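These are my notebook entries on a structure that I had not looked at before. I kept each entry to what I looked up and what I found.

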Amino acid sequence: METLPDDVWLLVLEKLMRSTVDRDIFNCRLVCKRLAVLVLHPSLWRGRTLRGVSSPPVCACPVLRLVPCLEKMLLHLPEEGCRQWSYASTRCAAAKLAINVNKGTSYAAAVICRQEMLGRLKRVVVYFDPDADDGALSEVSVLLGTLASTSRLERLCVVVYAAKKPMPTTPAPFLASTTVASSLRKFRCTLSPLFEPFVRFILSEHAATLEKVDLGESDSSLAFSSTAPLLAGVTNLSKLTCSCLPGLEVLATCKTLRVLELNVHTRSLNRQTVAGVAKLLRRAEHLREVKLEYWPAVRSVADVGADLVSALAASGRSRVETLLIYNYILRPDGVENAPLLQVVARALPSLSALRRLSLEENATNLDDLLLAITPDVAPSLQRVELKLMGKDCAHSWLHCDTVKTVMSVNPSLHLLLHDYVVKRYCTDNEERCQACKLECHEEIMARSRYWHPLCLFSHDPMAACLENHTKRSYEDWIHLPP
């Protein structure tokens, strides 16, 4: 054993370690002086994760005291026992830090400062539970100032759990202790009155490097009139997730923006804000993916926000390849409650680059949209995802004339049906429909996973295709020959 080189020993020790930190590896330090050194070699620990809460409980103090580096630290505050102050004084440098804050917000700031000093920290995620401790949010300013001052970060995420009590409407003042060079590439923080100054600081200070920005959902977005100009100043912005903000049309000149995800809060929107968003969608020919998520759902084409899809197609120069629309209706009572089906059907001729269409909207009749899909109208369309409501089973829908027509006319089309709102087939214990009496499509009956979409295609299964028709854990593919 003494003749084995260090590289071989490191491979052996790596096999002894689990995917996360295990204190049993420290027992090897008792074998000999050589192993005592090799057990703490940086290559063994550089890709490991230390979990503050584990089952069964494992003491983290040996790791924090002895290990030189880790890939990720996960801790839940407040820490108890011997670990209470170990994270703020450790010499173990982590590249990623995730902190769940119930209490001890100032201690979380101390942990972040310590990791910044050690020099490997690149990503930070902070989770707040506003209902867990009345004093946690009172110290938010200290933590936000620490995050704003942390240098060399590439990703920063601040998540606030849904609160049962009202969130503070007063902005949290903070002070960045030093001037930080622009380094962030990804930033996520819910835009709310509490965090607005922090969000504005990050957007302005890291404008040169930011690429992806997620401002979450906010039903009070009308108050944030200064956010859109700051977003327009982000040089390399490629993906934006936010609510419908005032003045969002300034992003029409942002040529790097490829993905736009909008949360459309229909109750708090006004016509002026929607007009600005519509102007952005008409002018932004550089967009490749657009997602519109409505809450509450629009029930009529006259509702505020229902015309955003039409605005996207209005210029006739849209280069959008992926269009995702979520219009959730809790109590559907007919096809009239699916107004966006009609809007999308009329917009298809102007969306010639569209390759994927996903429309999550309760509907009892999908004929108008499906029959509008032809190679002349939508030459690039290859994947359509829809949601079906009704009393009949999904198997009977496969046999309807509309499905047969659309699949025969569009041989390259893949039609995905989210059938978790209807039964997949008629069982032997109930009156069977005409389709189920034929006892065809045995794969439907063999896979009773109602939460998996039924995926239909009609072209040769062996032909070259971007879709993978093999069996997946979340998609059930069914071949419908023409």
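In which helix is the place of L16? I found L16 in helix α1, where helices (H or I, at least four residues) and strands (E, at least two) are DSSP runs numbered from the N terminus. I also noted that L16 is exposed, with a relative accessible area of 53%; buried means under 20% relative accessible area, exposed over 50%, and partly exposed in between (1.4 Å probe, protein chains only).

Before going on, I wrote down that this is a predicted model, in which local features need pLDDT of at least 70 and side-chain atom pairs count only at pLDDT 80 or more, while totals for chains, interfaces and linings use all residues. Residues are numbered from 1 along each chain as its sequence is written, and side-chain values use heavy atoms, with hydrogens and water left out.

**Helix α1**

I looked up the buried residues of α1 (residues 6-16) and found W9, L10 and L13. Seen down the axis of the helix, they fall within an arc of 100° (taken from the directions from the helix axis to the C-beta atoms), so they line one face of α1. They pack against α2 (33-38) and α3 (42-45), with contact meaning heavy atoms within 4.5 Å. On the face turned away from that buried side I listed the exposed residues D7, L11 and K15.

L16 came up again in a nonpolar surface patch with L4, V8 and V12, which together have about 290 Å² of accessible area. Such areas come from the Shrake-Rupley method with a 1.4 Å probe, and for residues only the protein chains shown count as cover. Patches are made of residues with over 30% relative accessible area and no salt bridge, like charges being joined within 9 Å and nonpolar side chains (Val, Leu, Ile, Met, Phe, Trp, Tyr) within 5 Å.

**The chain and its core**

I recorded 17 helices and 16 strands in the chain, and of its 482 residues 49% count as buried.

The largest nonpolar core has 139 residues, and those with the most contacts inside it are L147, L156, F187, F198 and W397; a nonpolar core is a set of buried Ala, Val, Leu, Ile, Met, Phe, Trp, Tyr and Cys residues joined through side-chain atoms within 4.5 Å. The largest share of this core, six residues, comes from α12. I then checked α12 (residues 339-347) and saw that seven of its nine residues are buried, so the helix is largely enclosed by the rest of the structure. Its buried residues pack against several elements, including β10 (289-295) and α13 (367-371).

**Salt bridges**

How many salt bridges does the structure hold? I noted eleven, a salt bridge being a side-chain nitrogen of Lys or Arg within 4 Å of a carboxyl oxygen of Asp or Glu.

One of them joins the side chains of E467 and R383 (3.0 Å, N to O). E467 lies in the loop between β15 (454-457) and β16 (476-479) and R383 in strand β13 (residues 383-387), so the pair ties together parts that are 84 residues apart in sequence. E467 counts as buried at 18% relative accessibility, and R383 counts as buried at 13%. Both belong to a network of salt bridges that also links R356 and E385.

I also looked up R188 and D214, whose side chains meet in a salt bridge (3.9 Å, N to O). This pair links distant parts of the chain, with R188 in strand β6 and D214 in strand β7, 26 residues apart.
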